[in-house]
Amino acid sequence: MTFDLPDSLILDTALSVSGLTDYIRLLLEQDEQLRQVWVTGEVSSANHHRSGLFFTLQDTDRTAGIKCVVWNSQLPKLAQIPVTGEQIIILGSIRVYPQRGEYQLSVWQTLPAGVGLQALRYQQLKNRLLAEGLFDAQRKRSLPTHPQTIAVVTSPTAAAWGDIQKTLKQRYPGLHVLFSPATVQGEQAPESIVKAIERVERDGRAEVLILSRGGGAVEELACFNDERVVRSLATCSIPVITGIGHQRDESLADLVADACVHTPTAAAERVVPALSELYTEHRQRVVALNEVVQDSWETAENKLQVLRNRLRRLRLDRQVQQEVDKLAWKRQHLVQITTGRSQQATQHLELLRQKLASLDPKAVLQRGYAVVRQKDGAIARSAAELAVGQELVIQLGQGGVKVKVMEINEPPSGFTVAYGGKPAYSADSPRRQGRQELNG
């Protein structure tokens, strides 16, 4: 079949390869939907090139595929490196490669799909909470040794609640248990758990809280990785222990709790001691105490015997007797010295008394002498000081008399009165002259 077209029409409508390619590139690269598009699929034929990573993303049924490239500058920023056979989610934009007339997806970011995406979100939240210090060992509190009241947060229909009640009753009868029911599976579970914890805190009686549920698939335990639940446990005013029935990985609730175990029964066993174990420990402490007392008594007895033996060797009674003898001799010596000094003091005192008696004016008066005083109390020592008619007081050995001067007799020339009224003679007295004549 042939087409008869004018040559002018062909020239006017024909496009060059580059023109057509540019037109297609403009259509694809300027489309708002294709400038930032999310695409999910399976990685196949991944190849590393010096400029980047080239791979094909195709549907799982292999009915369609698209070429993709991650340039070397973008590789370190990817959350997950594309690996052949893995399901991923890609964020990128459509770019046209003019030399080959092909289009490809220029990749900005890759995320794991399905379970892998959940794992990525889990890891990102874990890293953020870890950076805040919510999992630090320093902030974890010790559980009370003998709590009287505990709180349990779990589903009222779950087997976990029955296991906890049975274990607590067997191990610690009479314990007060506060039950705060919560949904522990599904979309409503995080909010329900947070409210159950708030009820326990408002009540204020519980000393420790158990957050628990039985086993289940990973998606069924997702509520224990919810940020709201984790932060509620982190700010809880009482210690928290988790007993979530899984063995593979720890949930974020386990990491933030003050203690964690893998089953509800283990949580109940951890939170209270068994009375039988307490009794056994008590008996062990009694035995240990008796042994310590016995050892201490034997040690003290041995030390006492050693001291007794040393005392016998030292003969302290003899040393004490020697010291007593020394004290007795010193006492006798002290008595002798004191007696001698006392006698000397008595003799000296008697001598002073005799001197004082000899100097006592009253003693002189007792021997018949008298003291003549003028009216003003002055002692009259010379007749020349007196006047006729002057009143005088004469003090005798026994009493005194008042007299009046009737006559004044001057003493003879050269005559003086010595102490005591005895006459004394001057050098030119007749007695003195007589003595001189006798000597001459």
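**Cores and barrel**

In this predicted model, the largest nonpolar core comprises 34 residues, of which F135, I193, L209, F224 and L233 touch the most other members. Several elements each supply at least two residues of this core: the helices α4 (115-132), α6 (189-203), α7 (227-234) and α8 (252-256), together with the strands β6 (149-154), β8 (208-213) and β9 (240-244). The largest share comes from α6, which provides 6 residues.

The surroundings of F135 may be followed residue by residue. When residues up to four places away in sequence are left out of the count, F135 touches K126, L129 and L130, as well as K140, V230, L252, L255 and V256. Apart from this core lies another, made up of 17 residues, with L143, I150, I210 and V271 among them.

Strands of a sheet pair through backbone hydrogen bonds, in either a parallel or an antiparallel manner. Here, 5 strands form a closed barrel in the order β1-β2-β3-β5-β4, and their pairing is mixed. From one strand to the next, the twist averages 50°.

Strand β2 (residues 52-58) and strand β3 (residues 65-71) run antiparallel and are joined by 7 bridges.

Note on methods: Residues are numbered from 1 along each chain as its sequence is written. This is a predicted model: local features need pLDDT of at least 70, side-chain atom pairs count only at pLDDT 80 or more; totals for chains, interfaces and linings use all residues. Side-chain values use heavy atoms; hydrogens and water are left out. Two strands pair if DSSP finds at least two bridges between them. Helices (H or I, at least four residues) and strands (E, at least two) are DSSP runs, numbered from the N terminus. Axes are lines fitted to C-alpha atoms, for helices over the stretch in contact, and angles run from 0 to 180 degrees between N-to-C directions. A nonpolar core is a set of buried Ala, Val, Leu, Ile, Met, Phe, Trp, Tyr and Cys residues joined through side-chain atoms within 4.5 Å. Buried means under 20% relative accessible area, exposed over 50%, partly exposed in between (1.4 Å probe, protein chains only). Contact means heavy atoms within 4.5 Å.
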